[in-house]
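Please keep the sequence and the coordinates at hand while reading.

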Amino acid sequence: QTQTQPSRMVARNMAVLLPYLLLCAPTRAFISPVRLFRSGSLCRTASSFAFPRMCLTSEPLSAADKSTSTATTPTTVLVVRHGETEWNTQGRWQGQQDSPLTDEGIQQALALGERLKRSGVKVDCVYSSDLLRAKRSAEMLCKSLDMDPGLIRLNVDMRERSFGIFEGRTRAEVSEEYPVELNKYYSSNDGEFKVEGGESRRELIVRSLKWLEEVGKEHDGGTVLVMTHGAVVSALFREMLAIPYDPKPAADLRIRNTCICELRRDPGSTRWTVLSLGDVAHTEGRGLHGELAPPVEQEVPATETVERLTHLGTASAPVRLLRRLKRSEKAKKVGGWAIAGALGFLAGKGPLGLIGL
């Protein structure tokens, strides 16, 4: 009888432990936040243009990441989408054609300039796509900042992606007139597809990264703003963050009119850090007098980046994506405690082992 008692205890513990592990072990296999940023990036293919990746960790700089820059202050680039246009309200593909800003679009650009002015941000230079809607938005922003619009520097590398035969048509018209072409556009994820007469996503990424590198060198240690377009912002930040392009994503990377995306590069580094993404607090009646983002002395983990983005109260799609990453970190911790507790129960600590004691 004394010999069978330990066997019965082990059998009883296993009967409790196995269902518990079956429930909790999958939590430990929860998708890692890093995996979302590791695959499908265009820069990882045989591209002719290489670009140093931004970093969301606090890892020390490697020799390859160190710059010969002599700047003592960070380099900041504010990437902004233009204000609302007539074609935006009509749901038309704009591409490299143009339509005028709406009254709302003008007010959005003025509000952004006012926000920057009241937050004490000193913009050294304003760049703009050469397309009229971006140039007009930049002029309205300069008006709020008391800057001379004549100093705006136009740049073709930051113009919108060309959508060829889709341009000027509504989405319904494109669906009716070019159903096969539209299906190819939405189903392609290799970055090489071009709408007839248009431009591929890879070509767009290469020219926008080229512009960023050139501006980073010319304005080393300064602050510049560029007024650009939705497809440019989306493609650029997906590439820098290594977010795979999925034709049917779980969450959309929505780039709203006059949203701010703030990049910063620390002195002596070639890596960029994303401080904000898709921030439109100035158009939602919140944070007009607030700062763009709290100052940071070092590159931070992704979970802390979530805190920085969400403190502005902007629940955009990029923020929701990063919140999901944060939840995965919590799930890992919960899973770890669950398995440790179950092992504690098996070791003979009884019910207290289930809470990790």
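Contact here means heavy atoms within 4.5 Å. Axes are lines fitted to C-alpha atoms, for helices over the stretch in contact, and angles run from 0 to 180 degrees between N-to-C directions. Helices (H or I, at least four residues) and strands (E, at least two) are DSSP runs, numbered from the N terminus.

This is a predicted model, in which local features need pLDDT of at least 70 and side-chain atom pairs count only at pLDDT 80 or more, while totals for chains, interfaces and linings use all residues. Residues are numbered from 1 along each chain as its sequence is written, and side-chain values use heavy atoms, with hydrogens and water left out.

The sheet comes first. Two strands pair if DSSP finds at least two bridges between them. In general, strands of a sheet pair through backbone hydrogen bonds, either parallel or antiparallel. In this model an open sheet of 6 strands has the order 3-2-4-1-5-6, and its pairing is mixed. Strand 3 (153–155) and strand 6 are the edge strands, each pairing on one side only. From one strand to the next, the twist averages 20°.

Strand 1 (residues 75–81) pairs with two neighbours. With strand 4 (residues 223–228) the sense is parallel, over 6 bridges, and V77 faces V224 of that strand. With strand 5 (residues 260–265) the run is antiparallel, again over 6 bridges, and V80 has I260 as its bridge partner.

How many residues of strand 1 are buried? Taking buried as under 20% relative accessible area, exposed as over 50% and partly exposed as in between (1.4 Å probe, protein chains only), 7 of its 7 residues are buried. In a regular strand the side chains alternate between the two faces of the sheet. Both faces of strand 1 are covered: T75, V77, V79 and R81 are buried on one side, and T76, L78 and V80 on the other.

Helix 9 (residues 230–240) lies across strand 1, strand 4, strand 5 and strand 6, and runs at about 40° to strand 5. After helix 9 comes A242, which has a positive phi, near 60°.
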